[in-house]
Amino acid sequence: MQNNFICDRNLCTGCTACFNKCPVSAIKMEENDEGFLYPVIDENLCINCGLCKKVCPVNNVNACVNTEESLQYIAAAPDNVRKISSSGGMFNIVATYVLNSGGYVCGVVYDDNMNAVHILTNNKQDVLRMSGSKYVQSYTGNCFQQIKEKLDNNIKVLFTGCPCQVAGLKQYLNKEYENLITMDLICHGTPSPELFIKFLKEEYPNEKVLDVNFRYKKDNWGTEYNIVTKTDSGIYSNKINDHIYTKAFAHNMCLRISCTECQFAQKQRTGDFTIGDAWGANKIFKAKKLYKDKKGASILLVNNSKAKNIFDELKKEFKQVIPVKNYSQPNMQYPSTKHPSRDDFFEKNKTMTFKKAFEETFCSKKNVAILNHCWENCNFGAVLTGYALNKVCKLLGYNAQTINYNFGNEMSENYIQNSLFDDFKRKYIDFTMPVRNYVEFEYLNNYFDNFIVGSDQVWRYQIITKDNLEYFFLNFAKPEKNIISCAASFGIYDIDSELNVKYTKNATIKDLYIKYLKNFDSISIREENGVEYCKKLGLNASLILDPVFLITKKDWEKLTDEDKSPKEFHKVAHYIINSNQTESTVNLAKQIITDIQIDDFIKLNSKDMSIQNWLWQLNNCEFFVTDSFHGCCFAIIFNKQFVCVNSNTKILARMESLFKMLGIENRLYKNFDEIDYEIIKQKINYEKVNKKIEEYSLFSKEWLVNALNKNITDDVIKSKIKIKNEIRNINKEYAKKHRFKYFIKYLSYTSKYLLSVSKKQKQHNKFKKDLFKLRHKHLKYIQ
Ligand SMILES: Cc1cc2nc3c(=O)[nH]c(=O)nc-3n(C[C@H](O)[C@H](O)[C@H](O)COP(=O)(O)OP(=O)(O)OC[C@H]3O[C@@H](n4cnc5c(N)ncnc54)[C@H](O)[C@@H]3O)c2cc1C
Ligand code: SF4
Ligand code: SF4
Ligand code: SF4
């Protein structure tokens, strides 16, 4: 296994399947500097058999999950069992069943030093110690080998653990065993064992900790519960909000990095059973009463026919079992989002106490949330500016995350489905938790001290519409936060005419824009006409480059090199979004390059092309034709001979401004007939252009650093509060006036949803209905 990790290191869950499988014991599990265990191969012992790669669940996710549709229940064991369990006591009932039939149970206990470890036992007292969730990553050691031995001797075994651990066991066994029952947890993620022990030592320096009950139930199961720590000198109880370790866990500051990209956070489960907390049961009519008794309820998924048979036998053991449908939780759909300062938190823990590191990073001055059109339909420019700004902020030393706000056009008729875009975003852009409405946007204030909107057409009214104004003008950010626009764009020449729309009786959209703009601590714009517009409104704005220019050509090339898919060279690439100009492009290119054949052309498109391939084709062609702003930007970055032809004079401001800055105005035409071939045949002087880019890029980065370092004074906060109140009053007037209209619209979407015939139609209408519900909620909130 030379120079080769068993799987993608960021995805390695530490499940120990490889460690247990290696035929020559060449693998050791060693702690990394965050305190998580990773396999390390001794190259001197390794015989290159490849078994570790083969067994690794991360390389074989689909082979580890059940394919049958799960049955769902909300279940509660008798009260005495629930008292000792985290939720509804499902684990205890299955464990007792296995013990009573002469079997063994493998689950998690604290050892004498408070390490969470998996043990295999048939001792009832030890199984009781397994009850209760331990919010720390457990070590499975050589349990998989011990389990195999029992199974091979026809002894029944129950294995419980995180989905990745269940997957690890199944891969290790590599065969179905009738006498094995697996049970995975709905898993939020697991914190670092090292930090857990460090926290305990710091909190109780002179005592020996004997137990931490993260879910002490005393009439308060639900959102409010206590964490009870037992030491050799006393018992300490904390509310969840006063317990910084649990807070750090809940806010994803100390999770294993694989948990933030977890491939097992999905509907298809690894275990025969899945257990979790029945959060949300209070919203299910039949389960309301059970939820209210505050003794705990489990959500139980029965994932295959083997589990169904066992569950039929066990139903009588429960106090109550309620069948449900379509139950879901975030961690059954997607992984927990990495806290923006997770890495900083780990770093600071090397030199500070857990508490101090938490206080310094939870809402650090270094945390930056960015809002742009990154989640837009498959749009190369939108995603690449999003990527670039996120990366630039990181290079400048900030913890940047892009706000995961998708304003819903995947259900529109023109939506392009290209999963390669999603793959790129997932791999290369650090996102916040999904945010869907105003309240969730406001929640970001808990984590971020700086908010940036930009770049691209984030202030183009036609695109963002009045429904998104509050978001794209960062009105959700609290007055004490640092509010910045980075290379924002109004998108058109005649900004006034687009904003001259009545909003309420006394205010136009322009009036609202002015107030929103006044709320900013620093404004930078991507186009000259936008800067002039702000100046006319009495606002100070700077002209800076689009963020794609703020990282180097080399950085972009590195990105394209990471994509190993086969690619073909083409002399001429064209990327024309707004019309089919293939013939005109061919005629144009023939004037520039002699001996050109039809195979020498490639039409770049977002339907089936990866972002890296798009960049690669652009970088490797001899001549490029486009009508796209970002097409031009990348042609310039890659020093290509190119021409931009765009007949939509309304939106040319962005190209004109950029071309003027770089002295290449003669590359822009309104139609193909106007092109001056003599000019186009001349090579662009990139020595000059690159120098200018370097200067502007330096200025733009300096501008951004100054904006991020700005001190928000009390006077500024006061004036922001005043403006926010004025905005609130305008929005309140609007909301009141349109309340009835929105209600009727909601009813219409609901009835359309109920009457929809096809599955696709239903999905489309459900989405619209949900979206509308959120907007409606938002309007209510304004009032
Ligand atoms: C780290 C972690 C994150 C979780 N995240 C969620 C979540 O996001 N949503 C949700 O609904 N439920 C989550 N759970 C599960 C939930 O807290 C309960 O464990 C579950 O509902 C079982 O409840 P119970 O009453 O049936 O079991 P209990 O009687 O409380 O038994 C707990 C079971 O969990 C196992 N276990 C305990 N600690 C660990 C550990 N560190 N690693 C692996 N297995 C362990 C034990 O072996 C035992 O089988 C999480 C649990 C853990 C340990
Ligand atoms: S088998 Fe488990 S521990 Fe080994 S590399 Fe894969 S995920 Fe990591
Ligand atoms: S390749 Fe084979 S011998 Fe080498 S570490 Fe992996 S399992 Fe062990
Ligand atoms: S979140 Fe995923 S990777 Fe992390 S412990 Fe849970 S199942 Fe394993």
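Start by selecting Asp-423: this residue is partly exposed, with a relative accessible area of 39% (buried means under 20%, exposed over 50%, and partly exposed in between, using a 1.4 Å probe and protein chains only). Keep in mind that this is a predicted model, where local features need pLDDT of at least 70, side-chain atom pairs count only at pLDDT 80 or more, and totals for chains, interfaces and linings use all residues. Residues are numbered from 1 along each chain as its sequence is written, chains are lettered from A and ligands numbered from 1 in the order in which they are written, and side-chain values use heavy atoms, leaving out hydrogens and water.

Helices here are DSSP runs of H or I with at least four residues, strands are E runs with at least two, and both are numbered from the N terminus.

Next, pick Glu-498 and Arg-460. Are they buried or exposed? Both are buried, and they form a salt bridge with the closest N and O atoms 3.6 Å apart. Glu-498 is in helix α20 (residues 495–499) and Arg-460 in the loop between β17 (450–453) and α18 (461–464), so this pair ties together parts 38 residues apart in sequence.

Jump to Lys-350 and Asp-33, another salt bridge, at 3.0 Å between the closest N and O atoms. Lys-350 is partly exposed at 44%, whereas Asp-33 is exposed at 53%. How many salt bridges does the model have by this rule? The count is 36.

Last stop: ligand 2. Select the 13 residues that surround it (those with a heavy atom within 4 Å). The closest are Cys-12, Thr-13, Cys-15, Cys-18 and Cys-56. Colour the shell by type and you'll find 10 nonpolar residues, 3 polar and no charged. Here Ala, Val, Leu, Ile, Met, Phe, Trp, Tyr, Cys and Pro count as nonpolar, Asp, Glu, Lys and Arg as charged, and the others, Gly among them, as polar.

How values were computed. Salt bridge = Lys/Arg side-chain N within 4 Å of Asp/Glu carboxyl O.
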